[in-house]
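Q: Can you go through this structure with me? I'd like to start with the backbone and then move on to the chains.

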Amino acid sequence: MTELTDKNKRTRFVPGQPDMWAFVLFETLVFTAYFGFYLFYRAKSPELFLHGQAQLDLRIGVLNTLVLLLSSWSVARCVQSARVGAYRAALRDGYLTAFLGLAFMVSKVLEWARQIRMGNGFGSSDFFTYYFFLTGIHFVHLVIGFVVLGVLVYQLRSAARRSQELVETCATYWHTVDFLWVLIFALLYVVR
Amino acid sequence: MSTVMTPPESAAAPPSGPVHRRIAWHLRHNPKRELWLAWWVMVAFYNLFFPMFFVVAQVQPPPQPTWDLATQVHWFDERHLGMPIGFGIIFAIAGMTAMNNALIAYSMRRMSVSPAFGYSYLLIYSLSAIPGLLLLCIALVVGTLRPERNPETIGWLYDFAFLSFDGTMGVFLIGSLIWMVAILIDKNRVFPKWFGYLNLCNALTEVVVAPCWIFQRGVLAWNGQIAWWLDMVVFGVYQVTFIVMLFQMIRREDFGSGPLPDLPRKRANAS
């Protein structure tokens with residue numbers, strides 16, 4: 001039995017289901033294509049994109065990034081706690097992750113509303129088309145992330161169904177959402 | 001515990017001998033013949049579907065949404081032969097999608113999940129053939145076969161065709177999500193979990209198509225690099241994958257109700 005456990009430990013080379021990593025890879029490729037198109041059109045009209053970027057508030061972007069990085073930290077703590085059997089702490093970190101995700105969503109909606117009030121809608125310029133598209137598709141990933149966190153909390157709440165593999169799979173998804181945001185933040189807010 | 005309905009020993013093994021005898025045996029006795037029929041119908045459908053749209057009718061990749069009425073009328077005129085032939089064949093084979101949907105629904109019935117998944121999928125994808133396939137074909141054929149109509153009407157058919165096709169992907173989105181959830185919660189190992197996640201990737205591209213209702217130019221227009229070209233690549237990967245997955249499922253099918261066994265070769269390697 002111990003031998004079998006050791007063998008399983010040896011053959012497990014990624015956290016969670018390896019299948020989720022296939023999703024991470026595929027989504028990363030799709031987002032790489034989005035970023036490629038963004039950079040291509042940015043290179044074609046740099047003035048227009050710089051003008052659009054100047055209308056974004058870098059502080060909001062930094063705040064968004066910090067909030068999501070904190071949520072990644074809390075979901076990593078959740079995994080660590082679950083690994084050592086501290087399920088109450090893991091559950092608390094799971095709720096904290098959801099709270100930080102919610103804070104990100106609220107700030108993003110407020111930023112969108114602000115931009116629309118300033119006259120920068122979805123179709124107002126190429127830059128804002130990309131801005132709303134990239135932040136919007138990331139937002140959809142985040143909404144799915146709440147379902148994923150729901151699965152994580154559901155797993156942790158009952159001793160009968162606690163699956164460490166599923167907890168780590170959910171955390172992997174959440175980290176992916178965070179990782180994609182860091183790239184979006186860099187492209188839309190920082191790179192000039 | 002799998003409840004396996006094993007076919008009689010004499011009928012289970014194909015005879016050795018000439019090819020025509022073996023084919024005859026498979027047609028008459030192979031317990032999976034209906035499943036293989038459905039799979040081959042699916043392969044045949046897609047092998048006709050793409051050439052009809054891309055080569056015969058030449059309506060994909062989609063034309064420019066920004067063209068003026070004169071160019072749109074000219075575009076219809078250029079295809080006055082290809083569209084009726086291509087879409088005539090599409091109308092004739094559209095019913096084959098029922099077999100595709102039935103096979104996918106069967107895969108869900110083989111899982112350890114509620115039958116509601118399979119039935120919902122069947123219902124949604126049966127309806128989705130209307131906005132996702134037939135409306136486009138009907139509108140474009142009408143535009144081609146009635147060239148004497150007012151150019152405004154032809155232009156309306158042009159917009160209606162491509163917006164109905166690209167802009168109503170919600171039905172496909174929900175369908176993909178149903179299959180995804182079924183795969184992820186299934187305990188019978190009918191499909192690998194990564195295929196469930198690939199369904200999510202496909203569903204997300206359906207979201208990306210929706211802005212084509214707003215944009216007439218750029219990457220999100222109905223012929224845009226993101227809304228059409230990139231999504232087509234994702235859909236292509238997804239489609240080839242699900243055809244292979246269904247092929248593997250039929251090979252592994254044991255007509256039981258428990259976990260689907262691995263293929264004999266894999267079992268041998270594992271031991």
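Q: Where is B:Pro61?
A: In this predicted model, B:Pro61 sits in the loop between helix 3 (33-56) and helix 4 (69-78) of chain B. Helices here are DSSP runs of H or I with at least four residues, strands are runs of E with at least two, and both are numbered from the N terminus.

Q: What is the peptide bond from B:Gln60 to B:Pro61, cis or trans?
A: That bond is cis, with omega near -5 degrees.

Q: And what is phi of B:Gln58?
A: Near 55 degrees, which is a positive value in a residue other than glycine. B:Gln58 also lies in the loop between helix 3 and helix 4 of chain B.

Q: What about phi of B:Arg189?
A: Phi of B:Arg189 is near 55 degrees, a positive value in a residue other than glycine. B:Arg189 belongs to the loop between helix 9 (170-185) and helix 10 of chain B, and is partly exposed with 16 other C-beta atoms within 10 Å.

Q: What are the numbering and the confidence cut-offs?
A: Residues count from 1 along each chain as its sequence is written, and chains are lettered from A and ligands numbered from 1 in the order in which they are written. Local features need pLDDT of at least 70, side-chain atom pairs count only at pLDDT 80 or more, and totals for chains, interfaces and linings use all residues.

Q: OK, the interface. How many residues does the contact take from each chain?
A: 19 residues from chain B and 18 residues from chain A. Two residues are in contact if their C-beta atoms, placed from the backbone, lie within 7 Å.

Q: Which helix of chain B gives the most?
A: Helix 10 of chain B, with nine residues on the side that touches chain A. Helix 10 (193-209) and helix 11 (225-252) each supply at least two residues there.

Q: How do the residues on that side of chain B divide?
A: Into 16 nonpolar, two polar and one charged. Nonpolar covers Ala, Val, Leu, Ile, Met, Phe, Trp, Tyr, Cys and Pro, charged covers Asp, Glu, Lys and Arg, and the others, Gly among them, are polar.

Q: What is the secondary structure of chain A?
A: Seven helices and zero strands. Of the 192 residues of chain A, 34% count as buried.

Definitions and conventions: Buried ≥ 20, exposed ≤ 12 C-beta atoms within 10 Å, placed from the backbone.
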